[in-house]
Structure formats: structure tokens, C-alpha cells
Amino acid sequence: MTRDELLLGEWACLGLLCDQRAHGFAVAAELRPDSPIGRIWSLSRPLTYRSLDQLVERGLVRPVGSEPGAAGPDRTVLAATRAGRARMRAWLQTPVTHLRDLRSELLLKIALAERCGVDIAGMLDAQRERLDDQVAALSATAFDPSGRVVDVVALWRYEVACAGQRFLAQVHA
């Protein structure tokens with residue numbers, strides 16, 4: 001991973017701040033396991049604050065004010081910068097590369113795009129094409145010409161890709 005690449009938790013924080021300004025405590029609440037985004041990708045409060053610090057350091061998020069804290073010091077309100085919003089839009093338009101990331105990264109992209117009002121129909125079409133190619137390639141690897149399974153790892157990946165196809169057919173008809 002290069003210095004410019006973001007971790008999935010950082011993308012989650014940035015997406016939430018592209019939707020609306022918030023302080024770190026509110027972002028952390030949005031990433032609890034029982035919240036809509038947290039059901040997809042959750043972060044502890046310390047990791048949320050670390051992610052926010054990284055986003056500020058990279059110029060993707062900036063402080064825009066403060067509010068009184070409920071039981072402590074003032075809370076710094078953060079918002080996505082123009083560069084942060086542009087990075088988010090570009091990330092949302094990029095299909096997921098690895099099958100293992102369908103459950104986390106693809107779901108997060110769909111949820112954040114909906115929340116931020118970003119049209120990702122083109123990305124979903126590209127994701128479907130990528131899955132079609134993966135299913136064809138994995139079918140040739142997982143099965144012999146008679147249809148017998150010859151590679152259980154390829155079979156697993158084939159089934160994940162098929163599930164991804166069915167999911168996309170439901171989400172993006």
C-alpha cells in the first residue's frame with residue numbers, strides 16, 4: 001500500500017464526512033457495529049480518531065468549527081475538502097478488484113454512494129462485467145471437462161463470484 005492509498009476505515013470516515021460535517025465522536029457512532037454503515041465496516045472510537053487524523057494530514061478533511069462537548073471539551077467539527085470529495089467520487093466509481101472484497105468494500109461503496117447521492121450505475125455495470133470474466137475463468141479452473149470439481153479453492157472463488165453476480169442483479173437491475 002502506498003502512502004496515498006486509504007484504508008477501508010479511512011474511506012468510511014471520509015464518506016461520512018462527504019455526506020455531512022461532523023465531529024469525531026459522531027463519526028465514531030456512525031461506525032459502531034449496530035449502525036447502518038457499521039454493519040458493513042465498523043471501527044472502534046480510537047481507530048476512528050486515528051483515521052480522521054490521517055485524513056486531515058492528507059488534506060482530505062479539515063476542521064471547520066467546534067461545538068460544545070456533552071461532558072468534556074469542545075468537539076472539533078470536520079468536513080471533507082474539495083480534494084476529499086473528488087477522491088471519494090473517484091473511489092466510488094472504481095469496481096472492486098478482489099472477490100474477497102465484495103462483502104466489505106463493494107457494500108461500503110454502495111452504502112456511501114447512496115448516502116452521498118453519487119450515481120454509481122457505471123461502476124456497478126463494470127463490476128458485473130468483471131464478475132462475469134471471473135466466473136468464466138474460475139469455471140475453467142474449478143471443474144474438469146466433465147464437470148467434476150478439481151480445485152476446491154477455485155470452486156470457492158467461483159461460488160463467491162456467482163453470488164456476487166446474483167447480488168448485483170438484485171441491486172442493479
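Disulfides come to a count of zero in this structure, where a disulfide is a pair of cysteine sulfur atoms within 2.5 Å. The sulfur of Cys116 lies 5.4 Å from the closest cysteine sulfur, that of Cys18, which is too far for a bond. Please note that this is a predicted model, in which local features need pLDDT of at least 70, side-chain atom pairs count only at pLDDT 80 or more, and totals for chains, interfaces and linings use all residues. Residues are numbered from 1 along each chain as its sequence is written, and side-chain values use heavy atoms, with hydrogens and water left out.

I turn to the aromatic residues. The structure contains two aromatic pairs (rings of Phe, Tyr and Trp, the last by its six-membered ring, with centres within 6.5 Å; planes under 30 degrees apart are stacked, over 60 edge-to-face, the rest tilted). Trp11 and Trp91 are stacked, at 4.6 Å centre to centre with 5° between the planes. This pair links helix α1 (residues 8-19), which holds Trp11, to helix α4 (residues 82-92), which holds Trp91, 80 residues apart; helices are DSSP runs of H or I, at least four residues, numbered from the N terminus. Trp11 is buried at 7% relative accessibility, and Trp91 is buried at 9% (buried means under 20% relative accessible area, exposed over 50%, partly exposed in between, with a 1.4 Å probe and protein chains only).

Phe143 and Tyr158 form an edge-to-face pair, with ring centres 5.3 Å apart and planes at 90°.

Finally, Lys109 lies over the face of Trp91, 4.8 Å from the ring centre (NZ of Lys or CZ of Arg within 6 Å of the ring centre and within 35 degrees of the ring normal).

Note on methods
Helices (H or I, at least four residues) and strands (E, at least two) are DSSP runs, numbered from the N terminus.
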